[in-house]
Structure formats: structure tokens, C-alpha cells
Amino acid sequence: MPATAALTRAAKVGMQATGGIVPINSQAFIETLDAAIQSHLEWTRRVLRCAVLHESPGEDVMQAQSHLLCRLGRWLMANRASLERLDAKRFAALEDAHRDMHDAIRTLCHDILQNRPSSPETLQQFEQTQVKVVDCLQHFKTLLVGRISQIDVLTGLPLRSRMQDDYEQMLARCRRQGWVLGVFLADIDHFKQVNDEHGHAAGDVVLRDVAMAIRRSVRNECPVYRYGGEEFVAFMELARPEIAQVPAQRVLRHVQELEIQLPDGCVVRHPTLTIGIAIARKGEPLADVLRRADVAMYEGKHRGRNCYVLEGAP
């Protein structure tokens, strides 16, 4: 994939995160990261030509805000949300090193083009920050490669093995903001009937399309997981517990609007979900919150399905 095309694709993929934490298509995101690293190597080549041939390395090196103009800088801006959620401290270090690297190399190139010697300290700053930039980029690539193994191949959603770390991060963030964390457990109604009547291949199609509908119907910063079988879990940061009804109703509506074409030519029209919602308590283990959400979800089944139940609400 050409670097420019991959960097453009990054802007589209980077925000399609499962809660902004990891892109849905992590492999594509890694491709854009590789393209960003390659663009940095090309940038370094132009700097070397400046040193040897006294050629201008280009505006993305010589301007005051050059760290925002180069391809790597544009990629960092396009994918800030996803990278910060992967490792906020390392992303801050990457941004600082990238800016300092540009400042140092701009000074060096100005000196070269003006035929005056540069200070050893400036050269050392460039060398050190360049190493740090490359190390940080490789760090993010390692994180992403590790997370690919935690992605459900069928739906593109992260698996339940990812939930614990994300839950703790979001619960801490809600506590700082004075919000609450809603844990939504959704189950596809009458899913067994699809498998029995049309086969497991048809069931896979339904799972995939319902997962996509759930993902589209919640905010990008809300992670959605394949919990197992026909169950999905979502974490949602809420200003107040009663606001949980808004995303719950939206999820139910978006799923019910589906008309799913099955491999045998049949169509599943207007599938439904039942959703149980529990509000996490301070310091509460995720397993306990999920148990409460599960109880609420089964209460919804008893009420006739295609509904949501907020635990503790009438």
C-alpha cells in the first residue's frame, strides 16, 4: 500500500475503535503505522541529501511547525485518540520526541544551507530524539500485534479477554469525571432458531451483522465486545444512571432495522436484542457487575424480549 494512501486510510480507520481503544481492523491500522515509519525513513533520506549536497529538504522540514506537516505528524494527529487509549504516556513521549527531533534537524539544516557549523549538542538532540521516535512507534506496533490475538475474527470485535483492563481504565476515568459506568449485556433473541432452521453459517452472518449494528449505534469511545455465543458487552460512560436508556433504545432500534440476507437465500427481518444494564459500583469487580447485568437481561427475557432492563429500575 503506498504511504499516502495508507495515511489517508488511517484517518478513517483510526477512529473506528472499539471504544477508541483498538481499531476494529487492527491489521489495517498496523499497515498505516508501517507506512508512517516508512515515511519517516524517506524524510531522513532528504535530510541526508541536505547534509551531503546542500539541497533543501523541503517545507515539512524547514518550517517552524514542520512536525505537524510531515506525513508522520499528520498520521499522529489523525490517530491521536486510538494511540492515546493504547498508551497515553508513551504517546505524549512520542509527540514530544517527534517535535524535538524536527526542531533539531531544522536548526541543523539551516546551518548547513547557510554554510555555518552546527553545535554538537543539536546533532546529539537529533540523534537521541530520532531513536526515541522509532522506539515509540515500534512500541505501539507491538501493542497492536498483541491485541490482534484478542479480536474476534467473525465480528471484528474484541473478545472478553480484553474487558478487564478496559473496565478498570474506564471506571477510573468515570470516577475522576464524576460520571458512572454502565455495563450493557445484550443477547440476540431467538438466535438458536436461526441456527436450527438455517445452519451455523447463517448464524455467523446474523452475529456479524448484529455486531456491526451495535458498534455503529454507540459512540466511538464506547467499547463493544463479543462476550460469547450470541452475547455482547458494551461499556458506556454516563452522566447519570437513567441516561442509560438513550443508548439502549438506540441499539435496540438499529438492530431491529436490519434485514439480514442468509446464505440459503432467506432473510432474517428485524432481529431483536434483550439488554441488561448494571451500573458499576466503586471498586466493584467486573465479574460482579456482569452478574448483575445478566440478571437484568434475563428479567428482560421474561418481560417479552426486545427490551432493556436497568437493574434496580421499576
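Start by selecting Met163, which sits in helix 9, residues 163-177. Helices here are DSSP runs of H or I with at least four residues, strands are E runs of at least two, and both are numbered from the N terminus. Before you go on: this is a predicted model, where local features need pLDDT of at least 70, side-chain atom pairs count only at pLDDT 80 or more, and totals for chains, interfaces and linings use all residues. Residues are numbered from 1 along each chain as its sequence is written, and side-chain values use heavy atoms, with hydrogens and water left out.

Is Met163 buried or exposed? Met163 counts as buried because its relative accessibility is 2%; the cut-offs are under 20% relative accessible area for buried, over 50% for exposed, and partly exposed in between (1.4 Å probe, protein chains only).

Now show what Met163 touches: leaving out residues up to four places away in sequence, select Tyr225, Tyr227, Val233, Phe235, Leu286 and Leu290. Contact means heavy atoms within 4.5 Å.

Next stop, Asn115. Look in the loop between helix 7 (88-113) and helix 8 (120-148). Asn115 has a positive phi, near 55°, and is not a glycine. With a relative accessible area of 64%, Asn115 is exposed.

Finish at Asn306, in the loop that runs between helix 13 (286-302) and strand 7 (307-310). Phi of Asn306 is positive too, near 55°, again in a non-glycine residue. Asn306 is partly exposed, at 29% relative accessible area.
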